[in-house]
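Please look through the structure below with its charged side chains in mind. The text after it goes through them step by step.

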Amino acid sequence: MFVQEEKIFAGKVLRLHICAPDGAEWLEEATEDTSVEQLKERCLQQCTHGSLEDPKSVTHHKLIHAASERVLSDTKTMLEESVHDHDVLLLVKKRAPSPLPKMADVSAEEKKKQDQKAPDRDAIVRATASLPACNMDRAVVQTSMRDFQTELRKILLSLIEVAQKLLALSPGAVELFAKANAMLDEDEDERVDETALRQLTEMGFPESRAAKALRLNHMSVPQAMEWLIEHADDPAIDTPLPGQASPGVAGAEAPAEAAAGSSEEDEEARDELTEIFKKIRRKRGFRADARAVVSLMEMGFDEKEVMDALRVSNNQQSAACEWLLGDRKPSPEELDKGIDPDSPLFQAILDNPVVQLGLTNPKTLLAFEDMLENPLNSTQWMNDPETGPVMLQISRIFQTMNRT
């Protein structure tokens, strides 16, 4: 009896369970030294029931060890891949690689990316070559782009005139503006805290000096006491603060106004409104922050310049200092002028429905008057439910017109 040489030296025979993609299952025998590629060819012959017509079919399939979920390498043997008897192998067709994009598709994609890319400097220069040259320095740009707070005073002056004319037509106009006049009489900045003043006078400081120190230090007793001690030898310590009237003058004005009121009792309501408007305008006079006045005058500026600077800058000391050291624009005279009634900005404000409705509200007029007298109160009126929408619309219209 003759035995083939390959069976004499063959390794251990493994019985493997093969599962095909179509669901077929069968047992395949292979020795330990059988390569994965050879086993795959035999499996494919079992599936196709004959020889492989397409030599690429072998490379398009792979064997997977089911237990370990490993893809078996074609160049290794069963022993090297640690395949044991009765193991389950899956015959799976490899996924076809995605086709390479055509040149036309690549060109279209690149063109799309180029279209979405921001223009470079050369492209901007080419696109703007036909435009006229415009050399504007930074200072000119800052001057043309007005700040809202700077222009707000002019806008308020003009809107107050419109609101007064509208509210004068209401039946209770006299009583309304009389209340407005009384509200403007309440000046918290001019009042001195009696308790704080008494504490300083009990320490031995004169009443006039103590009152001045409290006004300069926002009614803070410790800071006022330090200021009094620091300026004890200052020759100008008893000089009244700028813009502060003496009690005698104020007392003399009160009877005069009372007499004027008694002499006008028989006049018409329209004349009475005119007088109240005049009083309101007189009380609208600017009152500078006393502490800022002293600080700026100590830098060497005279009182009139300091008052003008603080008036232009809405009592902001740093801005006032920049105004004094700069070109001093705008001038204080410009602040007393309202905005041009024929200007597009003012017409846009008057055409706004929210502003039109707000001008018929007495509280809006009082808010405008208060903001002229105390510019720092603008935030308070911006947050008010009645006057806030009006101020918001004015600000939006100004910013829109300023950009265009």
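This is a predicted model: local features need pLDDT of at least 70, side-chain atom pairs count only at pLDDT 80 or more; totals for chains, interfaces and linings use all residues.

Side chains of opposite charge can pair when their charged atoms come close. A search of the whole structure finds nine salt bridges. One of them joins Arg 70 and Glu 81, with 2.9 Å between the closest N and O atoms. This pair links distant parts of the chain, eleven residues apart: Arg 70 lies in strand E4, and Glu 81 in the loop between E4 and strand E5. Arg 70 is partly exposed at 29% relative accessibility, while Glu 81 is buried at 7%.

Another salt bridge is formed by Arg 209 and Asp 238, whose closest N and O atoms are 2.7 Å apart. Arg 209 sits in helix H10 and Asp 238 in the loop between H11 and H12, 29 residues apart. Arg 209 is partly exposed, at 24%, and Asp 238 is partly exposed at 48%.

Glu 305 and Arg 328 also meet in a salt bridge, at 3.2 Å from N to O. Helix H15 holds Glu 305, while Arg 328 belongs to the loop between helix H16 and helix H17, 23 residues apart.

Asp 233 is placed in the loop between helix H11 and helix H12. With 77% relative accessibility, Asp 233 counts as exposed, because exposed means over 50%.

Turning to cysteines, the structure holds zero disulfides. Cys 19 is buried at 18% relative accessible area, and Cys 43 is buried at 0%.

Key:
Residues are numbered from 1 along each chain as its sequence is written. Side-chain values use heavy atoms; hydrogens and water are left out. A disulfide is a pair of cysteine sulfur atoms within 2.5 Å. Buried means under 20% relative accessible area, exposed over 50%, partly exposed in between (1.4 Å probe, protein chains only). Helices (H or I, at least four residues) and strands (E, at least two) are DSSP runs, numbered from the N terminus. A salt bridge is a side-chain nitrogen of Lys or Arg within 4 Å of a carboxyl oxygen of Asp or Glu.
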